[in-house]
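Please look at the charged side chains in the model below. My notes follow as numbered points.

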Amino acid sequence: MSTKPSPQYDISGIEPLSNHSANPEFADVLQRHLARRQFLKGGVALAAAGFFGLSSSGCQPSKVASGVSHALVDTKSLLGFEAISTNRFDDITVPEGYQTQVILPWGTPLLANAASYQADASNTAADQAGQIGSHHDGMHFFPIDLASGGDNSAEGLLVINHEYCDPGILHSFGGAGLPRQADEVHKELAAHGVSVAHIQRQTDGKWQLLQQSRYNRRITGSTPMQLTGPVRGHSKLRTAYSPDGTATRGTLNNCAHGVTPWGTYLTCEENWAGLFVNYDAALPPEQRRYGVRNEHSIMHWETAARQDVSLQRFNASTVAASATEDFRNEPNNFGWIVEIDPFNPDSTPVKHTALGRFAHEGIIFAKAEAGKPLVAYSGDDARFEYIYKFVSSKPYQPETAGPHLLDSGTLYAARFNDDGSGEWLPLDINDADFAAKATAAGVHFTDQADLLINTRRAADIAGATKMDRPEWGAVHPDSNEVYFTLTNNTERHSSQRNAANPRANNSNGHIIRWREQSDNRFNWDIFLLSGDVYTSTPGQPMMLDDSNHHASPDGLWFDRNGLLWIQTDMSGSQLHSGPFGNNQMLVADPGRSLLKRFLVGPVGCEVTGVVMTPDCRTMFVNIQHPGEGSGPYSFSSTWPDRRARRPRSATVVITRKDGGIIGS
């Protein structure tokens, strides 16, 4: 193997700032809204850096939030564990009375004939295509008996996103340098995507992969896929690979996820734009507004095209007479939400274009009601980007529900008003108000498909509120209130500080929530401002303490008992020094104003992705990129393989030693 220095890859996951619209920023709205709001000291609200009080126009607490009808137990009996302290251990820390098991680390042989994992990273691209991918992220557990009720808590399909890869860890000696080698690029493509893993709890309580199962599957950056919905066949999707614009290859940068009411998995394409380069003098708006680069891509994949012409697709420059002869439109095939049927390993994944094109963090559904449209929410994970809602044009019917519901409907962007109300703004060329705004802005969309390809630009025109990196969302299982993490945004200027938000920049993040009203309106409030111990606003009590202080909330999920699990994604100096320790997972009971730290991850990792078995007695949590940025010759983490030394993303199984409910 060559020992040339590896290229400097930019795998930070932070998209370059690309929203230069004049739309109001959420900080401005928050300043005006909270400056007039009286904080409550009890009930459902902790002031300052903790839970916020609710204005008369904001979300009101659910009367049954402490004991939801979906719950296995009354939540008053939960959160009885002793919160753990922050730390910088290179290991998993959980409360007393809990135990952990590591399963499915990167490189685990998944398919029946897959090659064994090599600790020196010498596995080939073909090997990786049959193994568990890297950088685990969102995931869901599908009980093996889903078709007949879905109550099995001992066996099922664990479907896992693989967001990206770190070449310094993925390759022996960190790779061969520039120009990129085609075999290395193909291995990186194979490390992206999704894994479907059939797992089962054994008699000793340990979980095991059933490697011979027909359900085991890898979806990668090279897997053939179909496009459906309004954009299918559009001229801006046509490439040399698919001259009719109906098919594409692969899914990339798969961050969070969603689960449809009919039992399929949705994987979301997030920071995909940086994987492409366009050397043209002027980039089209559908590339410029998303951050496609004009010098080189973040992974330099385009430099391997001389060895393998299939990799030309990462060069979006105009190099031929027509779009059907080059890959100028290849970036337009990404930024979508992809549906996968985990119980049909022969099915072709589908990209649903009606859900909009942006840096999808994840997708969540409001409670599906028979005879009413299906409603879903998704955040665009970049600084000053937007929160979206999709409403299907056809009603949901349990007997006939399926992918067609995601192919036709209306996409909206959120505007948060300073009085605690909000509006969903339709992104529809047939809407008179939107059409007038587009005309005033001098923007012309040729059709609705063109608008969806340019979703961000459409939201700019509509006047949506610019947010601080909208990431995961979660819907309360009883009240149907929607919660969204706003992870951070250090671009906020000091002039935006106010009594309710005194920080010069939002380095710590917060969580917003809303409750839908009629006529595409909603009421909102701030559920949680993250921060350090005793962080406070002038004149307000200090609320966060050693049991729950944290920064950069990211992952978010409600269990069936109504507990909200919050995962953090600190990076840089915030992660490596300061008061917060390693990234962590907390759990909140919104109805009782309780927040406790439940888990701390190993060095350099992100804690991301969480789900439980139906009986709430087994939890799965993903640990992504332990030792982030280390290698190729030294690693800041050796988790979970101490002797092998090379860090590996993996899934952690958490159970109570007495077999009880998780969170108790």
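1. Buried here means under 20% relative accessible area, exposed means over 50%, and partly exposed lies in between (1.4 Å probe, protein chains only). On that scale Arg592 is partly exposed, with a relative accessible area of 24%.

2. The model is predicted: local features need pLDDT of at least 70 and side-chain atom pairs count only at pLDDT 80 or more, while totals for chains, interfaces and linings use all residues. Residues are numbered from 1 along each chain as its sequence is written, and side-chain values use heavy atoms, with hydrogens and water left out.

3. The structure holds 26 salt bridges (a side-chain nitrogen of Lys or Arg within 4 Å of a carboxyl oxygen of Asp or Glu). One of them joins Arg592 to Asp589, at 2.6 Å from N to O. Asp589 is buried, its relative accessible area being 0%.

4. Arg648 and Asp641 also form a salt bridge, with 2.5 Å between the closest N and O atoms. Here Arg648 is buried at 7% relative accessible area, whereas Asp641 is partly exposed at 22%.

5. In the salt bridge between Arg456 and Asp380, the closest N and O atoms are 2.8 Å apart. This pair links distant parts of the chain, 76 residues apart: Arg456 lies in helix α8 (residues 455-462), and Asp380 in the loop between β14 (373-379) and β15 (383-385). Helices (H or I, at least four residues) and strands (E, at least two) are DSSP runs, numbered from the N terminus. Both Arg456 and Asp380 are buried.
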